[in-house]
Amino acid sequence: AVDEFAQEIIENIQATTQTHHLRLEGQSQAVVCGDRDRLGQVLINLLTNAIKYSPQADTVKVCLATEENQVLVSVHDSGLGIAKEYQSKIFERFYQITDPEEKTYPGLGIGLYISSEIVKRHDGQIWVESQKGQGSIFHVRLPLFQKEKNSAFVEQEQTRMERQNAE
């Protein structure tokens, strides 16, 4: 269930920061089919980026919603924001914004690329809405679990879990 999963990730990241309060808003009451660890990696990356690039702010908001047959997870920060010319490039491998007016933040430029690949492999979408100096909202949209479509995957996961428990 997406709501409990998001709450767990937020609590774990909250324990690592004294500078920001992470707030969860909304409910999706949704279930998605996918790799829990990889999807967790996406949310962790978006939250840690929101903290890192919001040095003057103290709150990061995560919003959950359901739209048609999809769940929408949005991470809002009040940080530096991203100029329009960089927004299409930030999901590219090794891309880092180098703006002479901005402080450079350390990193490899692969976090958003990896997140984008994980989301794509789950038949989802990831994008950003932002304005320089106005903060950013990163959105992740994933298809809802549909029993008839995902029954083979569920059977594989159940078999895998049974094997793990037997070991």
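Arg38, Leu39, Gln41, Val42, Asn45, Leu46 and Asn49 of helix α2 touch Gly111, Leu112, Ile114, Ser115, Ile118 and Val119 of helix α4. Sorted by class, this α2–α4 contact holds 7 nonpolar, 5 polar and 1 charged residues. Keep in mind that we're looking at a predicted model.

On the α1 side the contact uses Phe5, Ala6, Glu8, Ile9, Ile10 and Ile13, while α2 brings Arg36, Leu39, Gly40, Leu43, Ile44, Leu47, Thr48 and Ile51. That contact splits into 10 nonpolar, 2 polar and 2 charged residues. Leu39 of α2 turns up in the contact with α1 and again in the one with α4.

Here's the geometry of the two pairs:

| Helix pair | Axes come within | Crossing angle | Handedness |
|---|---|---|---|
| α2 and α4 | 9 Å | roughly 145 degrees | left-handed |

Now for α4 itself (residues 111–121): which of its residues are buried? They are Leu112, Ser115, Ser116, Ile118 and Val119. These residues span an arc of only 165 degrees around the axis, so they sit on the same side of α4. As a rule, an α-helix has 3.6 residues a turn, so residues three or four places apart point the same way. The buried residues of α4 pack against α2 as well as strands β4 (125–130) and β5 (136–143). After α4 comes Asp123, with a positive phi near 60 degrees.

Definitions and conventions: Residues are numbered from 1 along each chain as its sequence is written. This is a predicted model: local features need pLDDT of at least 70, side-chain atom pairs count only at pLDDT 80 or more; totals for chains, interfaces and linings use all residues. Side-chain values use heavy atoms; hydrogens and water are left out. Contact means heavy atoms within 4.5 Å. Helices (H or I, at least four residues) and strands (E, at least two) are DSSP runs, numbered from the N terminus. Ala, Val, Leu, Ile, Met, Phe, Trp, Tyr, Cys and Pro count as nonpolar, Asp, Glu, Lys and Arg as charged, and the others, Gly among them, as polar. Buried means under 20% relative accessible area, exposed over 50%, partly exposed in between (1.4 Å probe, protein chains only). The arc is that of the directions from the helix axis to the C-beta atoms. Axes are lines fitted to C-alpha atoms, for helices over the stretch in contact, and angles run from 0 to 180 degrees between N-to-C directions. A crossing is left-handed if the near helix is turned anticlockwise from the far one by less than a right angle, and right-handed if clockwise.
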